[in-house]
Amino acid sequence: MNAHVVPCTDLAEYRQRADAWTEGLPFPVLSGPSLDRYRSLFPEGELPRVETAPRAGTVISVGGDAGAAGRLLAAATGRTHRVVEPAGLARALAPLAGELVAVVGLAEDITASGDWPGAHGPVVGVVTARDLTALTCLVYRSLTAGAASEDRVFVATHPMLEDADLADTNEFEDILELGRRRPKLLVLKALGKECCAALPDGILCGRSDPIDAPPPPADPSYRHMPCMYGAGCHRADLDEDRRLPAAELHATVVFTHSCSSIAVGTNAYPHHVALGLGLLEGTAVAVVGALGVHIVQRGAQGDLEDALAEDLPLGRAVERLNERARPINGWLNRFGLLGDPGLVLGLPGGRAADAVAGAAEPADAAVRRDEEAVRDLAHLSNVVLPRLERLCWLEPGVDALAVEGFRIRVREAAEDLQAPDLASRVAGIETDLAAFQHATAAAIAHDIYVNGWNYGGPSLDGLREVSQRPMTCPNCARDRAALITMRHVVHAGLTVRTLQCRRCGDLWWTSEESDEPAFVLEGALDTDAVSGRVTGLSRTLRNDSEHVLRGGIGFAFAMRRFLGLPPEISAPISVLPGEKEEFTAEIDLVGHQPRPDVHTGVFIAIVNGAYIASSSMMRLAPAGSSEPVRPSETNFR
């Protein structure tokens, strides 16, 4: 008899020994193929002693047959234990929300409970198998998880998936090698479903018996694969040596990204073909996998590695995966755990190990950075670019092809929201887009200087007034202004607002869509100047939005190129949320000698896709006149 393990040949003996077990006694396990596979990892023949360090949480056994195995797991790890029938599992789990709960039971009893146990609130790990011999061995392996395991990660990825070039292999032949080695973490990014995970040249199969063996009877309501009818593997393109039963893989923990690799309690196929259960009949102590239809999330592997390196229990590690996946793919990125959620596996390294000591970025900081990049990309796609696309209707000089180019870049960036360079790519788009808007503002200002100002250009004929609201004019302080809203009859999304005064005329125009513009140009409408001096005309760009304003601002005298006034001026501009930025156009009335007059000018800004315009009246007096009157302190927008 092994010094640390006592193989039992029947259930009665196992139950008797399980009830009597205490630390120091040989650990009882039912003999069977699972124990034989585990024994093969120890060529000297001595199976390892169970580890009895305390683990967090509770153990709940489902069904009488699993009670002895659950009691052993709880006794060895210092946890409370109770036994419930399948119909009572949901009620037992409901008060334990947020706690670590190891649910121990045969797969058929878990399915009889009606759902995946993790749906009921606790942080669940399901310690399960297709039969009792495999279940008792899984409990034993989970108590000897540190034995015969290489401290390394092995990644096998289907070549059509993201990061395939970074994997250890894209070929089935290399997975066969795992029959002779046992990495601590095996990552399988493959195409598949409940019964399999597939690469182009081979398939990992959930069945542990020969493909032509008669399967056990199954409920006809399940989906049945061809092998269940004796018709061979559904991958008819592969020879039998290209099919590897999952139980023949060696790994301590398997992280699967194929669809529905965790389907206990929600299985649409018979348990006889389940991939996750097949893996648990091998040497794995746990399987972390996808619940239902799955979109591979690039960062998930690193999140799991980091959690293991931080010595988080498996249940908390999977909880972190779900918390970080939920904002991105939600329902299509849910992970479950087959195995003990209280097990602390440990894994040297993690992503932080590759960084310079003392300079590693916390994992949650990387997540926040990625989430911020996704939000910024969404703002570009849903707000800024639509505004620029509408601006092409208002200003025929805007380069519509360039705008479409930005749309393509945003779309390409959004194709891989888990790319490690996503933040830098988004920042690059924002920088280039700001430069484009500055160039657009400069071009509009030049056109105003040469040809005059006509806000709306060819779209003016298509704009129809849809509302008119009385306002007090901020320039003359009289109740003789109106806020006019116009909408285009063809482009329903094209809205223009302008503030007009019966005395002062144009005050401002904006293509921003909100009733109360979130960013505005403020400054005095009338400014006095004297020939032979340099005069500053100013506007302040105020940002009341939640996003950084980026773009360009400029000033030009309207159609004054031939009247001797200085040319247009423009500059890039950036304003933080809740902040203001002043722009001053220095008007050289020394080198330029326009005649005294009231010279109409326009400040224009193209920021975050919106086109804002603010009128200016420079009342120019001849040289030798008295000092000009100070401009009114009244601002307008």
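Reply: A disulfide is a pair of cysteine sulfur atoms within 2.5 Å, and that cut-off is what we need before looking at any single cysteine. Please keep in mind throughout that this is a predicted model.

Let us begin with Cys501, whose closest cysteine sulfur belongs to Cys473 and lies 3.7 Å away, which is too far for a bond because a disulfide needs the two sulfur atoms within 2.5 Å. Cys501 is also buried, with a relative accessible area of 6%. Cys137 is likewise a buried residue, and its relative accessibility is 0%. The closest cysteine sulfur to that of Cys137 is in Cys8, at a distance of 12 Å, and this again is too far for a bond. When the rule is applied to the model, the count comes to 0 disulfides.

Cys8 leads us to the strands around it. Strand S1, which covers residues 5-8, pairs in the parallel sense with strand S2, residues 27-30, over 4 bridges, and in this pairing Cys8 stands opposite Leu30 of S2. Together with helix H1, residues 11-20, the strands S1 and S2 make a right-handed β-α-β unit.

The largest nonpolar core has 76 residues, and Phe27, Leu135 and Leu204 are the ones that touch the most other members. Helix H6 gives the most to this core, with 7 residues. If we leave aside neighbours within four places in sequence, Phe27 is in contact with His4, Val5, Val6, Trp21, Val50, Leu72, Val139, Tyr140 and Leu143.

Strands S5 and S6 belong to an open sheet of 4 strands, which has the order S4-S3-S5-S6 and parallel pairing. Strand S4 (80-84) and strand S6 (123-129) stand at the edges with a single partner strand each, so one side of each is left without a neighbour in the sheet. The twist of this sheet averages 20° from one strand to the next. Within it, strand S3 (residues 58-62) and S4 pair in the parallel sense over 5 bridges, and there Val59 has His81 of S4 as its bridge partner.

S9 pairs with strand S10, residues 196-199, in the antiparallel sense over 3 bridges, and Cys196 in S10 is the bridge partner of Lys193.

To return to your request, the sulfur of Cys501 lies 3.7 Å from that of Cys473, the sulfur of Cys137 lies 12 Å from that of Cys8, and the count of disulfides is 0.

Technical notes: Residues numbered from 1 in each chain as written. Predicted model: local features only at pLDDT ≥ 70, side-chain atom pairs only at ≥ 80, totals over all residues. Heavy atoms only, no water. Pairing = 2+ DSSP bridges. Helix = DSSP H or I, 4+ residues; strand = E, 2+ residues; numbered from the N terminus. Right-handed = clockwise from strand over helix to strand, strands pointing away. Buried < 20%, exposed > 50% of the residue type's maximum accessible area, 1.4 Å probe, protein only. Axes fitted to C-alpha atoms, helices over the stretch in contact; angles between N-to-C directions. Core = buried A, V, L, I, M, F, W, Y, C linked by side-chain atoms within 4.5 Å. Contact = heavy atoms within 4.5 Å.
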